[in-house]
Every structure is written in C-alpha cells, then in structure tokens.
Amino acid sequence: MSLSEKFKKHLAQTSPYPIQLEVKRAKGSWIYSTDKKYLDFTAGIAVNNLGHGHPKLVKAVQEQAAQYMHVMPYGEYIFSPQVALADKLQSLLPKELNSAYLVNSGTEANEAAMKLAKRITGRPNFGACLGSYHGNTQGSLSLSGNENKKYAFRPLIPGVRFLRFGNFQDLDLIDESLAGMIIEPIQGDAGVRIPSKEYLQALREKCSQTGTLLIFDEIQTGMGRTGKLFAFEHYGVVPDILTVGKAFGGGLPLAGMISSEENTRHFTFNPVLGHITTFGGNPVACSAGLAQLEVFEDEGILEQIEEKADLLATLLSEHPKVRDFRHKGFMMAMELKNAEEVQVLVEKTREKGLLVFWFLSSPHCFRIQPPLNLSIEEVKIGASIILEALDELG
Ligand SMILES: Cc1ncc(COP(=O)(O)O)c(C=O)c1O
C-alpha cells in the first residue's frame, strides 16, 4: 500500500478531499514536500507565528525533553517551565489576568472558561455571537455560531443566546441570567470581521452592568497575530476571562484559560478539583511557549508586523478581482466573488508554490496568515503568486 493509501485507510478522515501534501521538513516560512517547496501563508492555521523550526524554540524543547517530559497531571507538582510561563504571562497582561489554567487545545480552554463562569456566577446561560468559532467539543460547539457544523450533533448545551457580531441593539440580550458572554475580539473563521472600538467597549459595559463574565476567545487573535500580543490591546477593553491557544505553545499543543486568581480559585472547592487535565501545561510545550515570548522581545517581532502586513495588504487589495480585503496585522481575509473562485485560487496558488487556506464559515473568502517573522522578500514573493493566480481567474 502506498503512503497515501495508508493515510486514507488507517487515519480517520474528516473530508472526502484531503490535500495530501506530504511534508518532509519545514524551516522558516517554507514547507518542503517530496519534490517541491511551498511558501507557507497559513502558519499551520495561526500556530507557527515564528515560522517553522525557530532555533531558540527547538533548543528549548530539546533541553526540556532531556530533563523531563510528562511526570504528573496538571496542578500537583511544581514544574518550573509552567511557573516561568505563567509568571511571564502575568507580566505582559493586565493585573486582573494573573492566573492561568493550562490545557492542551483551544476548545478545552473554552470549556474551562464555561465551567468557571458557571461556577462563579451560579447562572446557567451563555451569550455568544453569530459567525463565531470556539471549538469542536460539545460545550464549545454549543457556543459556536455556524449551524451547519452543529445540526447533526444536537442536542447541544441549552441556554445559549446568539447576538449579531458588532450589533449594538443585540447587546440588550445580555442580562442577569448569563454566566458568560464569549466573543472573538476579531472574528476569525467568519472571514476576519473587525468590530469597532465602541462596540467592544459597549459590550464590556453591558457585561459589567449585568454581572456577566466577559470571555475573550483570543485563541486565533492572540500571540501577536493582529500586531499586538493580544487583540484586546487594540480596543482598551479587558475581559474577565481570556482564552489562548494555537500559537501559544510555539507549535506544541498548549492552551490556557486566564483570569484573576480570585476567580480561578473557584476550581479548588465545591467541588475540589473543579477542573482536571492529565496533559494540560505539559512542561515541554510550556518551555516552547516561554521561548517564543522571549523571542518576541529579543527580536522585536511585534514591532515589525504592521509594516510588513500593510505592504502585503497594499500589494493585494487593489486587484480588480478582490471584493474586499480585511486585516488586522497578519490576520487577513481576501474576499472574492464566490466559493468557486476561492476554490480555484487556493489550488492555483498551491500549484505555484504558495499555501493559503479556506475558512469553514465564509466560503467566498480565504485566509492569509503567514508567520509573523517572514521577510519583506517573502511578502513580495507571496503577493506576486496570489496576484498571478488572481489574473488567471479570468
Ligand atoms: C477562535 C478560536 N477558538 C477556538 C478554536 C479551537 O481551538 P482548537 O482547535 O485548538 O481546539 C479555534 C480554532 O481554530 C479558534 O480559531
């Protein structure tokens, strides 16, 4: 059996048409396959924010793996990489966000946030936004706004109210029955939807008035993707609970739910061990996450994003085939006439050696999310491939 046949037969498939690009190695902004190299404008779907194989991340992983890997489930023993990461994080976050519960994936971080909000408020319901994506477990799926991905799995968690993203009137749906209101400060899977500052500030006010915990899902927007370490920094709004994931572990599985120490203490009583995970906060993943934050500072990564992202946006957005181009930093969506054009474009760019990717909820758009530290030269190479593919759409 060929590798491809084994892949299809022995690995459960989630799509009838997997891309099947065989990865041999990846370095910097490039992925090397058997016979070709690709410029990676997906960054593993907003995970490889420092590109592939950054030497300082590799060194941190190797050194920690040599010391110890898994020793005990989360929260019993002291692992210095966990403590160092949490300590670094709290130095970068507002003082209200000084206690992190570490998990393995974004969906788990949102599950933890739901449980914490219920536990603190004693309330049953949640608010969420249409178009949102918060994960694929039963709880986080219940909070997600794409009905197409949910209908087959009902019943889901009851008591979720959906608000139109960015709509001031719908803020009236937030009341004293809601434990939490979850929102991506910039919606990702909906095709990079960027709200106004006034909207997020009004949302913050409404949540404070009603005692509803405001949960910012920064699983995709976090770790520099939008040009700041966290997107909430653009808006002057601090959530009660922040969830992070994707790039948080520098390419290894790591996510977190962050709140105040006063809030997270609720997991310690009634019941004790109110939340448990075996692998959450794995020491090797924490070492990579910490090394990534150090590289952000040492190499001035965040400071360079705006110039490069604006260049890419300028090069791409004027093409007549482009209906809309939305971006905040390197969180980018290009909108075309329809899903068919997007399909052709994604395939054409791949043939030409550039990787971009679809959204689940907005098929007439595609995502552009390169590593944050790509070079100006790589920005220009990627732009010229996309422009060439746009020209060929006819
Ligand atoms: C905004 C947002 N929340 C949650 C998730 C779920 O994260 P994970 O796939 O790690 O469970 C994602 C993943 O794409 C996401 O983009």
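1. The axes of helix α4 (residues 80-92) and helix α10 (residues 283-298) come within 8 Å and cross at roughly 35°. Axes here are lines fitted to C-alpha atoms, for helices over the stretch in contact, with angles from 0 to 180 degrees between N-to-C directions. Helices (H or I, at least four residues) and strands (E, at least two) are DSSP runs numbered from the N terminus. The model is a predicted one, in which local features need pLDDT of at least 70 and side-chain atom pairs count only at pLDDT 80 or more, while totals for chains, interfaces and linings use all residues. Residues are numbered from 1 along each chain as its sequence is written.

2. The crossing of α4 with α10 is left-handed, a term for a near helix turned anticlockwise from the far one by less than a right angle (right-handed if clockwise). On the α4 side the contact involves Pro81, Gln82, Ala84, Leu85 and Lys88, and on the α10 side Pro283, Cys286, Ser287, Gly289, Leu290 and Leu293. Contact requires C-beta atoms, placed from the backbone, within 7 Å. By class, the α4 and α10 contact has seven nonpolar, three polar and one charged residue. Ala, Val, Leu, Ile, Met, Phe, Trp, Tyr, Cys and Pro count as nonpolar, Asp, Glu, Lys and Arg as charged, and the others, Gly among them, as polar.

3. The chain comprises domain 1 (3-53 + 300-391) and domain 2 (56-298), with bounds from an automatic or database domain assignment. Their centres, taken over C-alpha atoms, are separated by 25 Å. Domain 1 contributes 26 residues to the contact and domain 2 contributes 29 residues. On the domain 1 side, α11 (301-317), β11 (324-328) and β12 (331-335) are the elements giving two or more residues. The largest share, five residues, is from α11. That side of domain 1 holds 15 nonpolar, seven polar and four charged residues.

4. Helix α11 also packs against helix α13 (residues 376-391), at an angle of about 20° and with the axes 10 Å apart. The two helices are therefore roughly parallel, the term for angles under 35 degrees. Their crossing is right-handed. Lys308, Leu311, Leu312, Leu315 and Leu316 of α11 meet Ile376, Val379, Ala383 and Ile386 of α13. This α11 and α13 contact has eight nonpolar residues, no polar ones and one charged.

5. The ligand is surrounded by 13 residues, the closest being Ser105, Gly106, Thr107, Ile219 and Gln220; a residue is near a molecule if its C-beta atom, placed from the backbone, lies within 6 Å. Helix α5 (residues 106-121) gives the most to this shell, with three residues. The shell has two nonpolar, nine polar and two charged residues.

Technical notes: Contact = placed C-beta atoms within 7 Å. Parallel < 35°, antiparallel > 145°, perpendicular 65-115°, else oblique.
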